[in-house]
Each structure stands twice: as C-alpha cells, then as structure tokens.
Amino acid sequence: MRLRAGLQVLRRTSTEVQVGTDPRWAVRLPDLTPAEVDLLLTVDPRTDLTDLPRAAAARGVDVDRAQALVAALVDARLTQDGPPRAAVRGPAAVDVDVWSLLRADGDGAGLVRARAERVVAVLGLGPTGLGIAVGLAAAGVGTVLVDDERPVRSTDVGVSGYRWADAGSARQRVATRLLRDVAPDVSTAAERPADIVVLVEDGVADPLRGPVLVAGGTPHLSVVVRQADTVVGPLVVPGVGPCLRCLDLLRTDADPSWPTIAAQHRPVALGGEPGVVATVCAGLGASAVLAQLDRVPGLAPGATFEVALPDAVPRRRTWAVHPECGCTALPASLVGAPG
Ligand SMILES: [Zn+2]
C-alpha cells in the first residue's frame with residue numbers, strides 16, 4: 001500500500017502535517033507528536049506504508065499510533081494498493097497520476113488504458129483539428145482516424161504541429177506522421193466505426209453531416225472555425241440534448257435569413273486560425289472528447305464555447321433542443337421534466 005501518485009507530505013506546524021495541496025483531496029493530520037511529524041515526512045508515493053509501523057519503532061513512535069496514522073490516510077482515500085506508478089509511459093502517464101487522485105477507486109491507470117481500445121475520427125485538420133487529434137493520441141486514445149486532403153498552408157504552421165516544411169503537403173498525410181511522432185503505438189486505421197467523430201468545419205457546420213451521425217447514433221463534437229472566432233461544441237450525444245440541426249433551427253428563429261446566409265458561405269474566404277485561439281480550442285475539444293470516452297463529466301449537452309481574440313477566454317453558451325427538430329424522443333418542453 002502506498003500514497004497515491006503525486007501526493008506530497010508537507011509540514012504545517014511542529015504537530016501537524018498536510019498531505020497533498022489540491023483542496024479536492026488534500027487533508028490535514030493534526031495533533032501529532034514531533035516524532036510522528038518526522039515519521040510522516042519520510043513518506044512519499046514510493047513508500048510501502050505496510051512498513052511504516054516498523055519504521056515508526058526505529059523513530060520512537062508507538063507502533064499502534066503509526067498504524068492509526070496509516071488508517072487515517074486510507075480513510076482519506078489517499079492510498080492505493082500496487083506499484084508506485086502504473087506502467088503507462090509518455091504523456092498519458094501524467095493523466096494516470098491525475099486520475100489516480102480524482103477517481104474514488106484510484107484506478108487512473110485503468111481509465112487511461114481503456115482509451116487504447118477507443119476509436120476517434122477527426123475530420124478537418126486545420127490547426128485546431130490537428131491539435132485535437134494530437135492531444136487525443138498523446139492522451140492514449142488507441143485509434144485516431146484523420147481526414148483532410150487539403151494542403152497544409154503556411155498559415156497552419158504553429159504549436160499544433162505543422163512546420164514550414166509541411167506547407168503544400170496533404171494535411172492528412174502530415175497529421176498521420178505527427179500522430180506517430182507523439183504516440184508511436186497509435187493506429188490511424190480502424191476495423192470498426194468511430195466511438196466519437198470530431199467535425200472541424202470552416203464558417204458553418206455542414207447541415208447534412210450532423211443528421212447522418214444522429215441517425216447512426218454516433219456521438220460527435222462540432223468545432224466551427226468562423227471568421228471572427230472558433231466555436232467548440234456542442235458535443236452531440238444522439239437523443240440527449242440538442243443536435244446541430246437544433247442549433248440551425250434556433251438560429252433561423254432568431255434570423256429567418258440564416259439558412260440563406262449559411263448556404264452562401266465560402267470557406268476559402270477564411271485566412272486561417274489565430275494561433276492562440278487554435279491552441280485553446282484544441283485543448284477544449286480534446287478534453288470534451290476524452291471526458292466522453294472516459295465516461296466522466298465533461299462538456300454538458302447543448303454547451304458551446306466561443307473563443308476569439310483578443311483574450312481567447314472561452315465564452316460559454318447553452319443551446320436548447322429545438323421543438324421542431326425531432327432529434328430527441330420528447331419535445332423540448334418536456335426534456336428534463338419529472339418522469
Ligand atoms: Zn435536434
């Protein structure tokens with residue numbers, strides 16, 4: 001038995017220590033003797049806590065008291081059984097550490113390993129789309145399908161991965177190479193349909209793509225790179241919350257000319273994605289997908305984040321199910337109603 005990964009024992013006073021620093025899991029152990037404080041300060045996530053009573057005797061700490069301190073750590077859910085660090089290497093190992101602390105059962109390694117069985121498709125590989133794909137591969141998603149035959153532009157070069165030497169090459173080909181650079185074991189081909197599809201589109205969401213995915217029951221995340229900002233969301237889980245058609249119907253309610261405007265949109269009019277906006281949106285998009293894969297709270301149904309210069313601070317909006325869409329079993333007035 002050991003402390004969970006990432007936890008540190010800190011001295012607060014001569015008779016009190018604190019384990020951990022994040023308020024979500026940190027605890028104080030008060031009313032200790034100085035010898036008990038010294039004993040606890042020897043503990044880190046590599047320490048086998050079953051040996052602590054023996055070490056206590058050598059430091060003049062009562063063995064029963066040492067066992068009580070270990071029990072207090074167990075009660076505070078700060079311990080886990082097994083090796084000090086799960087055998088996950090690379091960037092996903094950081095996720096293992098964090099999720100080991102966040103999960104009640106401490107099984108961060110299990111959560112991250114399950115990602116290896118998942119398939120995500122990212123359609124549209126500008127800087128934001130590439131950033132999402134790379135983020136998912138780095139987080140341990142086993143299969144990341146990428147699709148975008150358009151060439152890398154000089155304006156795509158940046159932190160998400162494209163380099164000047166990539167300009168002119170097909171985005172999909174470069175992205176496949178970059179995914180393998182960060183995650184050598186990632187697969188870019190799948191035998192089965194994707195668990196989630198990420199649609200990264202320019203200007204407006206294609207009105208035909210969303211309904212096809214809804215009909216197939218496939219969760220999908222919409223990312224739309226617009227002229228002045230980028231919108232991340234909604235994450236559409238068919239039958240739960242609004243779909244992309246709902247958003248179009250709501251926009252049409254607000255502006256009857258919206259369908260006419262949307263149909264005239266020409267993606268080529270866009271110059272590119274501001275680098276900091278793409279970076280923020282790639283993080284938001286990847287985390288929304290991971291939460292869905294991990295079955296943990298993430299982007300709420302109908303939530304979108306709009307990210308724009310100058311501050312690139314995400315602004316949240318929430319969209320409702322449109323009563324005329326028919327994408328959920330119940331009309332909007334009854335969604336969330338008792339029974
Ligand atoms: Zn709908």
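View 1. Strands are DSSP runs (E, at least two residues) and helices are runs of H or I of at least four residues, both numbered from the N terminus. Pairing takes at least two DSSP bridges between two strands. Keep in mind that this is a predicted model: local features need pLDDT of at least 70, side-chain atom pairs count only at pLDDT 80 or more, and totals for chains, interfaces and linings use all residues. Residue numbers start from 1 along each chain as its sequence is written.

**View 2. Zooming in on β10 and β11.** Strand β10 (residues 230-236) runs antiparallel to strand β11 (residues 303-307), and 3 bridges join them. Look for Val 231: its bridge partner in β11 is Glu 306.

**View 3. The two domains.** Domain 1 covers 2-80 and domain 2 covers 118-334, with bounds from an automatic or database domain assignment. Their C-alpha centres lie 45 Å apart. Along the principal axes, the C-alpha atoms of the chain fill a box of roughly 80 × 55 × 45 Å.

**View 4. Chain make-up and burial.** The chain has 11 helices and 12 strands. Of its 339 residues, 40% count as buried (20 or more other C-beta atoms within 10 Å of the residue's own, with C-beta atoms placed from the backbone).

Terms used
A residue is buried if 20 or more other C-beta atoms lie within 10 Å of its own, exposed if 12 or fewer, and partly exposed in between; C-beta atoms are placed from the backbone.
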